[in-house]
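Work through the exercises below with the sequence and the model at hand, and try each task before reading its solution.

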Amino acid sequence: MSTSRRRFLKTLGATAPALILAKPALAIGHSSTSSTDAFTITSAGTVAVTPFQQALNIPPEAHPVSMDMQGRPIYELTEQNATVEIIPGLQTDIIGYDGMTPGPTIRVNANQEVIVRHINESDIKTTTHLHGGHMPTGNDGHPVDLLEPGTSKDYLYTNKQLPTTLWYHDHAMDATGRNVYSGLAGFYIIEDNYERSLRLPSGRNEIPLVIQDRTFAADGSLIYKNTKSGEKGDTVLVNGTPFPYVQVSNTRYRFRILNGSNARVYKLALSNGAKFIQIGSDGGLLEAPVSRAAMVVAPAERVDVIIDFGDAAIGDQIILKNLAAKGGPTSEIMRFDVTKRRMERSILPTVLRSMERLDPAAAVITRRWEFDFVGGEKPWVINGLPYEENRVDAYPQVGTTEIWELANISKVGHPIHIHDVMWQILDVNGKPPGPHDAGWKDTFKIPPNGTVRVIGRFDDYVGDINDIKSAYMMHCHILEHEDNAMMMQFIVVE
Ligand code: C2O
Ligand code: CU
Ligand code: CU
């Protein structure tokens with residue numbers, strides 16, 4: 001479906017002003033005094049950023065540039081190489097959507113079909129996957145459905161699903177880890193009138209937060225070590241800002257938190273001992289809010305939470321901590337500075353959205369998938385096999401319900417992600433999940449030597465058994481495990 005160079009040039013010509021507006025300002029001539037306050041250079045030659053020196057970036061929201069013949073809004077995102085200032089006074093080369101990282105946030109209504117036109121102006125081949133999205137085959141960003149530099153593709157998103165926090169990111173074969181690390185990720189939020197009627201915190205009180213760890217060399221460049229075990233950095237970025245602070249009022253805020261890291265698992269907690277009120281997970285609202293003192297969030301998982309700053313005093317500074325780091329630079333993530341007094345306008349409902357429970361008795365099949373480490377060139381395998389482009393491992397039938405038994409027989413945890421539809425966890429090592437994990441999910445933490453059973457229904461969108469690009473993927477979301485073969489594909493059939 002990639003368009004020709006000619007069409008690309010035409011497209012580009014028609015939209016040139018928008019592209020220029022979308023370009024981020026390149027930072028120039030920062031004074032060296034501010035940079036010495038902002039960071040030091042470690043003995044290993046990497047940058048150690050001083051925490052809480054920079055205000056949190058909030059990605060801009062994208063607006064449709066036009067409409068297609070069917071009246072569908074068309075959004076445009078352009079993959080670009082860019083140089084940006086992430087560490088004050090240093091320049092970092094990235095690849096970002098519209099030249100920024102994270103890319104612009106797309107916000108749509110459930111059931112409103114939209115087109116997202118990706119224009120690849122970068123120097124790499126790209127394919128874009130809308131993580132958690134349920135859309136017709138061919139639009140899912142298959143790893144080999146690549147856009148060459150200088151081409152573009154229209155992705156059709158039907159948004160026929162429950163409102164939730166999705167994210168789009170690169171999914172290129174064998175290079176997803178490097179490409180996402182370079183900056184190719186952004187938010188995609190689906191809403192509906194019911195959710196708006198709940199009067200959860202919104203507007204300036206609703207902030208998406210993507211947490212990503214990176215390592216920077218002394219010259220500001222990104223260091224990607226390209227290990228097969230999973231890339232971990234020593235600098236935590238939130239929305240592209242290292243260890244930021246954000247000024248908040250003494251009211252409730254809704255934070256849509258995404259772990260967008262390649263491999264790092266966080267255990268989030270607040271330094272004042274306050275609890276998160278979790279209202280949603282990967283696939284949308286929970287049935288009721290759940291209070292949590294700490295939340296373990298693996299790569300690609302989303303936790304939709306409310307933090308109530310209503311009890312805080314003006315002047316309080318509350319740190320979002322990562323208890324999983326047990327000290328060290330990644331043990332703190334960002335800081336909330338309570339600086340303003342405001343009236344509370346939101347409501348914290350006791351009931352959120354009722355949920356259809358899938359019935360295990362309705363499942364037509366149980367498929368078992370074993371995740372293992374075998375070493376060698378393609379060390380990470382599923383059912384003993386590394387990913388192979390022309391092999392399809394399952395042909396679920398549209399309209400049917402299946403149970404998938406995700407069994408980790410290796411010594412490390414794997415966040416396993418299934419494309420296409422949302423699932424419900426039946427049990428983790430034989431025990432039913434806690435209420436925070438009982439909603440719709442697309443990414444599951446499979447503990448070492450543990451088994452998670454999930455149930456899902458292949459509602460619609462049939463593929464073509466002769467077209468590999470119509471397959472959906474299942475893979476580990478530690479991106480270096482995915483790139484090193486812990487991935488399989490399935491085609492939904494009639
Ligand atoms: Cu978020 Cu197949 O990926
Ligand atoms: Cu996905
Ligand atoms: Cu893994």
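**Exercise 1: a copper site**

Find the residues that coordinate the copper ion (ligand 3).

Solution. The copper ion (ligand 3) is held by His414 through ND1, Cys476 through SG and His481 through ND1, at 2.0 to 2.1 Å, where donors are N, O and S atoms within 2.8 Å of the metal (3.2 Å for Na, K and Ca), and water is not among the atoms, so sites may look incomplete. Along the chain, these donors follow the spacing H-x61-C-x4-H.

The model is predicted, and its local features need pLDDT of at least 70, side-chain atom pairs count only at pLDDT 80 or more, and totals for chains, interfaces and linings use all residues. Residues are numbered from 1 along each chain as its sequence is written, chains are lettered from A and ligands numbered from 1 in the order in which they are written, and side-chain values use heavy atoms, with hydrogens and water left out.

**Exercise 2: burial**

Solution. His414 counts as buried because its relative accessibility is 1%, and buried means under 20% relative accessible area, exposed over 50%, partly exposed in between (1.4 Å probe, protein chains only). Cys476, at 0%, likewise counts as buried.

**Exercise 3: another copper ion**

Which residues coordinate the copper ion (ligand 2)?

Solution. His129 and His417 coordinate the copper ion (ligand 2), each through NE2, at 1.8 to 1.9 Å. His129 lies in strand E8 (residues 128–131) and His417 in strand E27, 288 residues apart. Both His129 and His417 are buried.

Methods: Helices (H or I, at least four residues) and strands (E, at least two) are DSSP runs, numbered from the N terminus.
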